[in-house]
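Trainee: I have a structure to read. Please take me through it feature by feature.

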Amino acid sequence: MHFLVVDDDDDCRSTVVEYLSAMGFNYVSIARNGVDAFRIVSHNPTINFIISDWEMPKVSGIDLLRSCKLSNNLKKIPFLMITSQTSFERMKIIQAGKANVDQYLLKPFNLSVFQERVLSIIENSKCFLDHQEAKLVSKMRQMQKKRGVK
Amino acid sequence: MDDLASILVINESNGAGCMDVWGLDSSEVQSIEGFSVFLVDSGEQAVEVVKSKINGKGRFYIVFLEVTQESLDHSFSIILAIQAADPTVYFVIVSDSPHKLGSSINPWIKDEFKDQWDYLIRPFTKVELLQKSIQMAGACLQKRRLEQLNRQILLVDRYACIGRLAKSVGHEFSNILQRIIGKVDISLMETELETIFNHLKIVLSATERASIIVRNLQSFYSSETDFKIESVGVPLEVAISLMGHELVRNSIDFERSFSNIPSIRLNVGSLSQVFLNIMIHSVRIMHKSGKILAATELATRFNDKYGVNIKFYVSSPGGLLNVSSDEFDLKCFLGGGSSQSNLYELGLAASRQIALSHGGDLFVEQFDNNAATFCVWLPLLSER
């Protein structure tokens with residue numbers, strides 16, 4: 001799996017990268033805004049998962065999502081949107097639903113919630129997983145079941 | 001009128017007037033043609049009756065004051081005392097001599113009460129007295145409804161400001177909490193001390209950022225007595241600390257160009273609300289990105305009083321939202337395009353009240369499709 005993590009907040013972005021690393025996914029590219037993210041994903045056909053913050057300068061997360069879903073080459077890439085929980089943000093989630101966001105994640109979130117969202121997208125979107133990654137996902141699911149995570 | 005409008009008749013001189021025409025008796029309240037009429041024999045008693053009426057959650061609409069040429073000064077002092085108790089009440093001065101009345105009364109009446117009085121010349125009929133009562137009660141009611149509407153607008157405006165501030169701060173706090181939760185989560189899985197140390201440094205810096213926001217939020221609470229001599233840069237910094245991340249997220253460059261302006265008497269908490277509001281509105285009228293330049297200059301206003309302009313020049317490469325925008329009506333923003341008194345949209349009404357409480361003003365200096373300038377004028381210390 002090749003992830004693209006997009007967030008203008010350095011600490012939040014690095015947290016997501018570290019969460020992915022803790023899950024065993026180490027092939028991660030990063031971008032600080034929607035413009036850079038779209039450029040990177042357009043030139044890297046190996047990227048097959050995008051995790052993006054909503055509120056960003058230049059091009060926001062929702063604009064990046066729309067651009068990706070409008071592109072024939074990029075529209076199948078799963079997209080996890082990260083946003084904040086306010087009434088306004090809830091309205092935006094509806095907007096994101098219309099733009100075919102695969103999942104959303106409300107800040108602040110912990111590793112367990114993040115892991116659940118990522119695994120759920122991977123399973124639902126039938127992302128291509130190499131043998132090692134498939135084993136990893138299966139192992140994480142088993143561990144979740146043991147901990148009682150639905 | 002909602003219920004019986006109350007009229008107070010002051011009859012110190014025992015001369016023929018309202019008392020005789022309406023056949024009033026001071027021992028009881030009388031209901032006359034839809035009015036509830038009280039009769040008192042002295043100015044002092046009248047002031048007490050007005051006060052007790054307010055305490056009972058009621059108000060008089062009109063005070064009829066019987067005056068003679070000899071008692072003018074005393075009568076006017078009664079008017080002032082009643083106005084102090086209830087500034088919304090209307091007066092009808094009942095007199096025999098109309099000629100000197102106008103010139104005598106004007107020096108007594110403050111500007112804001114100039115439209116709150118009329119006179120009635122003896123002798124008059126019951127119909128004339130009723131007509132005058134209806135006319136004055138109607139004017140009083142209209143003024144009170146207008147004031148109530150203004151109060152409601154201000155209240156709604158304040159709630160809207162609080163909502164926007166809560167959203168902005170909530171968003172920033174969710175980022176801070178994300179940093180803390182994330183780094184603690186990762187640290188719990190980490191075995192290398194140096195890496196854990198680095199994560200903890202980020203946690204510490206996030207909590208420090210949170211404490212700054214909390215301190216600035218607390219400084220927003222301010223009483224009217226919290227005025228002190230301070231630089232206008234201080235409230236601006238408070239506003240920036242709460243709004244800075246919103247500007248970054250919306251791709252808005254913020255610059256300040258503060259010339260050497262003397263410190264002025266200000267309330268840091270309330271003035272930072274004004275600056276915060278102006279910045280929030282500036283963000284809302286921009287198309288995605290833009291620039292805000294805050295600059296100061298010495299300027300005179302209100303009959304050549306010396307003061308300082310704190311101007312916010314707002315521009316956006318995509319242009320500013322125009323009058324046809326569905327989101328809000330710029331006529332409200334601009335006070336109908338000509339008057340600057342109706343800045344009742346988007347928190348500017350509340351902000352303007354704060355500027356006025358500083359002896360200053362808030363106004364829109366320029367607004368077109370490409371740029372806007374919001375200006376807060378505050379008087380210099382020597383002028384206060």
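The dialogue below goes through the chains, their packing, their contact and some backbone details.

Trainee: What kind of model is this, and how are residues and chains labelled?

Mentor: It is a predicted model: local features need pLDDT of at least 70, side-chain atom pairs count only at pLDDT 80 or more, and totals for chains, interfaces and linings use all residues. Residues are numbered from 1 along each chain as its sequence is written, while chains are lettered from A and ligands numbered from 1 in the order in which they are written.

Trainee: How many helices and strands does chain A have?

Mentor: First the convention: helices (H or I, at least four residues) and strands (E, at least two) are DSSP runs, numbered from the N terminus. Chain A has six helices and five strands. Along the sequence they follow the pattern β-α-β-α-β-α-β-α-β-α-α. Chain B has 10 helices and 13 strands.

Trainee: Show me one buried residue. Why does A:Ala31 count as buried?

Mentor: A:Ala31 is buried because 22 other C-beta atoms lie within 10 Å. A:Ala31 sits in strand 2 (residues 28-31) of chain A. Leaving aside neighbours within four places in sequence, A:Ala31 is in contact with A:Leu4, A:Val6, A:Asp36, A:Ala37 and A:Ile40.

Trainee: How do I read helix packing?

Mentor: Axes are lines fitted to C-alpha atoms, for helices over the stretch in contact, and angles run from 0 to 180 degrees between N-to-C directions. Angles under 35 degrees count as roughly parallel, over 145 as roughly antiparallel, 65 to 115 as roughly perpendicular and the rest as oblique. Helix 2 (residues 34-43) and helix 3 (residues 61-70) of chain A pack at about 25°, with axes 9 Å apart. These two helices of chain A, helix 2 and helix 3, are therefore roughly parallel. A:Gly34, A:Ala37, A:Phe38 and A:Val41 in helix 2 meet A:Gly61, A:Asp63, A:Leu64, A:Ser67 and A:Cys68 in helix 3.

Trainee: At what angle do helix 1 and helix 5 of chain A cross?

Mentor: The axes of helix 1 (residues 10-23) and helix 5 (residues 111-125) of chain A cross at roughly 70° and come within 10 Å. Helix 1 and helix 5 of chain A are therefore roughly perpendicular. The contact is made by A:Tyr19, A:Ala22 and A:Met23 of helix 1 and A:Leu111, A:Phe114, A:Gln115 and A:Val118 of helix 5.

Trainee: Where is the largest nonpolar core?

Mentor: In soluble globular proteins, nonpolar side chains tend to be buried together. A nonpolar core is a set of buried Ala, Val, Leu, Ile, Met, Phe, Trp, Tyr and Cys residues joined through C-beta atoms within 7 Å. The largest has 37 residues; those with the most contacts inside it include B:Ala239, B:Val274 and B:Met279. Helix 8 (268-285) of chain B is one of the elements that supply at least two residues of this core. The largest share, 10 residues, comes from helix 8 of chain B.

Trainee: How many residues does each chain give to the contact between them?

Mentor: Chain B gives 18 residues and chain A gives 18 residues. On the side of chain B that touches chain A, helix 5 (126-189) and helix 7 of chain B each give two or more residues. Helix 5 of chain B gives the most, 14 residues.

Conventions
Buried ≥ 20, exposed ≤ 12 C-beta atoms within 10 Å, placed from the backbone. Contact = placed C-beta atoms within 7 Å.
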